[in-house]
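Subject: Structure for you to look at

Hello,

Here is the structure I promised to pass on. Please load it first, then read my notes below.

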Amino acid sequence: MTVTTDLVSYEDALASYDPVMGLEVHVELGTRTKMFCGCSTELGAEPNSQTCPTCLGLPGSLPVVNAVGVESAIKIGLALHCEIAEWCRFARKNYFYPDMPKNFQTSQYDEPIAFNGYLDVQLEDGEVFRVEIERAHMEEDTGKSTHVGGATGRIHGASHSLLDYNRAGIPLIEIVTKPIVGAGDRAPEVAKAYVAELRELIRALGVSEARMEMGQMRCDVNLSLMPKGSETFGTRSETKNVNSLRSVERAVRFEVQRHAAVLGDGGTIVQETRHFHEDDGTTTSGRVKEEAEDYRYFPEPDLVPVAPSREWVEELRAALPELPRVRRNRLREEWGISEHDMQSILNAGAIDPIVATIEAGADPVSARKWWMGELARNANESGRSLDELPITPEQVARVTALVVDGSLNDKLARQVIEGVLAGEGDPDAVVEKRGLKVVSDEGALGVAVDEAIAGNAAIADKIRGGKVAAVGALVGAVMKATRGQADAARVKELILEKLGVSEG
Amino acid sequence: MPGITREEVAHLARLARLELKAEELDHFAGQLDDIIGAVARVAEVADRDVPPTSHPLPLTNVMRADEVRPSLTPEQALSCAPAQEQQRFKVPQILGED
Ligand SMILES: [Zn+2]
C-alpha cells in the first residue's frame with residue numbers, strides 16, 4: 001500500500017509556521033525482576049516462561065512494587081531536576097487489548113512520582129537548548145504480540161495473534177516533556193539531541209542500558225504547527241514508536257512538512273496516531289481518535305501509596321553521578337579537543353573506553369587515537385559496538401605503553417592490536433608469539449642502513465647534495481629490509497648521520 | 001443532581017465490552033443513578049479537611065526486594081488458555097477488516 005502525501009519543502013514550512021513538539025519516552029528499567037512481581041526480566045527466554053498469576057492478571061493475585069523500580073524512577077527524576085512527590089499512587093489505566101492480560105495497565109495518572117524538571121541538551125554547534133520536563137512516572141510494559149496470517153507480520157489482515165507475556169510487567173518509566181516551543185527550524189535536531197542526551201543520562205545512572213535497537217527505549221513524537229506569530233497551538237499528530245535517534249529527527253522533519261502541506265491547502269490536521277516507516281522516513285495514518293480516549297483511570301486499590309522519605313531522596317540526590325553533558329564538557333577541556341571531535345567520540349560510543357584507557361595509564365592522545373582509529377574501524381567492519389570488541393582498555397593502555405618505551409612503533413602496535421582482537425592473547429603474548437619488536441640493535445640496524453645506501457647510490461647522492469626530503473625512500477628501504485620492525489625516526493637519524501647531512 | 005442518561009450507560013457498556021439490550025440501558029441508568037446518588041451523600045459530610053481515601057489501610061511504601069522468584073512453567077501459564085499456538089496465547093483477530 002502506497003500512500004502519497006504532498007509535502008511542502010522544509011524551508012517553506014518553517015517560513016510560515018513554528019513547530020511545537022512534545023516527546024514521550026519510555027525507558028525499560030534494567031531491574032532483575034518485573035515491576036509488581038518476582039518474575040525474571042532476563043531477555044531471550046522461552047515464550048511465557050517468565051509469568052506468574054500477578055503478571056497474568058489471574059484472580060486473587062496481588063502486586064507488590066519493586067523497590068529498585070521506585071528507586072530508579074526517583075534517580076531519573078532527580079537527574080532531570082524534577083521535584084519528587086512526597087506521596088503518590090499508582091492508577092489503573094483501563095483498556096481492552098490482548099497485550100495486557102489484566103485489561104488494565106498499572107500506571108500513574110495525576111500523581112506522578114517526579115514532575116517539573118528540565119534537561120539541557122547541547123546541539124552540534126555547542127548551542128544549549130533547555131527542554132522542560134512535565135513528568136516522569138512509573139508503569140509497566142505490555143506483552144509481545146505476533147500477528148499471523150497477514151503480510152509481513154502486520155496487524156492489518158492478520159487472521160489471529162499470538163501473545164508472549166514475558167515482557168508484560170517489566171518496569172517502565174515514561175518521561176514526558178512540556179510543549180517544546182522556540183526550536184524553530186532546529187526542531188528535528190533538538191528532538192534528536194534530547195533523546196540522545198536522555199539515553200546518555202539513563203545509562204550514566206545505571207538504571208537501564210537504554211538500547212533503542214532492542215526496544216529498551218522508545219519515543220513517541222507529538223507535533224503541531226502554529227502560524228508564525230500565533231501563540232495558539234495547532235492540532236497535533238502523535239507518531240508512535242520512533243525507535244532510533246535518526247528516526248526521531250526524520251519523523252519530526254516529515255511531520256513538519258506534512259502538516260504545513262495540509263494547513264497550506266486550507267485543510268485541518270486530524271488528531272490521530274501515526275506510524276513511522278524506517279525505510280523511507282514517512283509516517284502514515286494509524287488510529288483516528290474519534291473520541292477522547294476514556295481509560296477510566298482510578299487509584300490502584302491493590303497497591304499502597306509510595307511516599308519516598310526526604311532522607312531517601314536526599315541520599316539518592318547526593319549519590320547522583322556527574323551528568324553526561326557536564327562530564328563531556330569537562331573531558332573535552334581536559335583533552336583539549338573541539339566540540340566537533342567530542343561529538344564524534346560520543347557518536348562512536350568511545351567516551352567510556354577512552355576514559356578507562358587513560359585511567360589504565362595511557363595518555364589521552366594515544367587513547368583517543370586507538371579507539372577512534374583502528375578500533376572504531378574494526379568495530380564498524382565487524383558490525384559491533386566498541387564495548388563489544390574483544391579488547392579491554394587495559395590492553396589498549398599496555399600497547400600505548402609499549403610504544404612510549406620504544407619497544408613498538410605504530411605499525412607494530414597495530415599488529416599487536418590486531419592479534420589481541422584475533423584472540424591471540426594479551427599484548428605481551430602477541431608481541432612474543434608474532435616476534436614483534438622494534439629492531440633497536442644498532443649494529444643490525446647499521447648494517448641495514450649501509451645496505452640501503454649502497455643499493456640506492458643515486459638517491460644517497462641527492463641527499464648528500466642537500467635534497468634531504470629524498471631520505472624517505474631510504475628509510476622505506478630499511479623498513480622493508482627489517483620487515484617494519486625498526487624505529488623509523490632512528491633509521492632516518494642514522495642515514496643522515498652516515499651521509500653527513502643534518503636536517504633543517 | 002443530574003441523572004445518569006441512557007447514552008452514558010451505553011458508553012460505559014461499550015468501554016466494558018458489554019452488550020446491553022435497550023430495556024437494560026434504561027434499567028441500569030436508573031440503578032446507577034441511585035448508586036451514585038447514595039455515594040454523593042458522603043460528599044455532604046466530608047469537608048475539605050477529610051482527604052479522599054483509596055485504600056482502607058494507613059500503609060505506605062510496601063515494597064519488594066528486586067529478587068527473582070520462581071515463575072509458572074509455560075505449560076502452567078497456558079493451561080487455562082482457550083487456544084494456544086507456538087507456546088503462546090492465541091487470540092482472535094484484533095482489527096476487523098476495514
Ligand atoms: Zn509475574
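A:Ala114 sits opposite A:Ala136, a residue of β7(A). Before going on, please note that this is a predicted model.

That residue pair belongs to a longer contact. β6(A) and β7 (residues 128-140) of chain A are antiparallel and share eight bridges. The two strands make a hairpin, with five residues between them. In the turn, A:Gly126 has a positive phi of about 95°.

β7(A) also pairs with β10 (residues 171-177) of chain A. This pairing is antiparallel too, over seven bridges. Here A:Arg135 faces A:Val176 of β10(A). Keep in mind that side chains in a regular strand alternate between the two faces of the sheet.

There is also a charge over a ring to look at. A:Arg130 lies over the face of A:Tyr118, 3.6 Å from the ring centre.

**A sheet across two chains**

Which strands make up the open sheet that uses both chains, and in what order? There are four, and the order is β8(A)-β9(A)-β3(B)-β2(B). The pairing is antiparallel.

Within chain A, β8(A) and β9 (residues 160-164) run antiparallel and are joined by five bridges. One residue to check is A:Ser145, whose bridge partner in β9(A) is A:Leu163.

**A three-stranded sheet in chain A**

Another open sheet has three strands of chain A, ordered β5-β4-β15. It is antiparallel. β5 and β15 of chain A are the edge strands with a single partner each, so one side of each has no neighbour in the sheet. Two bridges hold the antiparallel pairing of β4(A) with β15(A). A:Ala91 stands opposite A:Pro299 in β15(A).

**Tyrosine cluster**

The whole structure has five aromatic pairs over all chains. One of them is A:Tyr95 with A:Tyr295. Their geometry is edge-to-face: 6.5 Å between centres, 75° between planes. The two residues are 200 apart in the chain. A:Tyr95 is in the loop between β4 (91-94) and β5 (104-107) of chain A. A:Tyr295 is in the loop between β14 (283-288) and β15 (298-299) of chain A. A:Tyr95 is buried, at 17% relative accessible area.

Why does the pair of A:Tyr109 and A:Tyr297 count as stacked? The ring centres are 4.0 Å apart and the planes are at 10°, so the pair is stacked. A:Tyr109 is in the loop between β5 and β6 (114-122) of chain A, and A:Tyr297 is in the loop between β14 and β15 of chain A, so parts 188 residues apart in sequence are tied together. Both residues are partly exposed: A:Tyr109 at 42% relative accessible area, A:Tyr297 at 27%.

Ring pairs join A:Tyr95, A:Tyr109, A:Tyr295 and A:Tyr297 into a cluster. The charged end of A:Lys93 is over the ring of A:Tyr295, 4.5 Å from its centre.

**Zinc site**

Which residues coordinate the zinc ion? They are A:Cys37, A:Cys39, A:Cys52 and A:Cys55, each through SG, at 2.3 to 2.4 Å. The site is tetrahedral, with angles of 102 to 114° among its four donor atoms. The sequence spacing of the donor residues is C-x1-C-x12-C-x2-C. Two of these cysteines count as buried: A:Cys52 at 10% relative accessibility and A:Cys55 at 7%.

The largest nonpolar core has 70 residues. Within this core, A:Ile113, A:Ile175 and A:Tyr194 touch the most other members. Helix α3 (residues 187-205) of chain A gives the most to the core, with 11 residues.

Last, have a look at helix α12 (residues 410-421) of chain A, where A:Val420 is found. A:Val420 counts as buried, at 3% relative accessibility. From A:Val420 to A:Val431 the distance is 9.9 Å, C-alpha to C-alpha, across 11 residues in sequence.

Best wishes

Definitions and conventions:
Residues are numbered from 1 along each chain as its sequence is written. Chains are lettered from A and ligands numbered from 1 in the order in which they are written. This is a predicted model: local features need pLDDT of at least 70, side-chain atom pairs count only at pLDDT 80 or more; totals for chains, interfaces and linings use all residues. Side-chain values use heavy atoms; hydrogens and water are left out. Two strands pair if DSSP finds at least two bridges between them. Rings of Phe, Tyr and Trp (its six-membered ring) pair if their centres lie within 6.5 Å; planes under 30 degrees apart count as stacked, over 60 as edge-to-face and the rest as tilted. Buried means under 20% relative accessible area, exposed over 50%, partly exposed in between (1.4 Å probe, protein chains only). A charge sits over a ring if NZ of Lys or CZ of Arg is within 6 Å of the ring centre and within 35 degrees of the ring normal. Donors are N, O and S atoms within 2.8 Å of the metal (3.2 Å for Na, K and Ca); water is not among the atoms, so sites may look incomplete. Four donors count as tetrahedral if all angles lie between 85 and 135 degrees; four count as square planar and six as octahedral if opposite donors are over 155 degrees apart and all others between 65 and 115; anything else is irregular. A nonpolar core is a set of buried Ala, Val, Leu, Ile, Met, Phe, Trp, Tyr and Cys residues joined through side-chain atoms within 4.5 Å.
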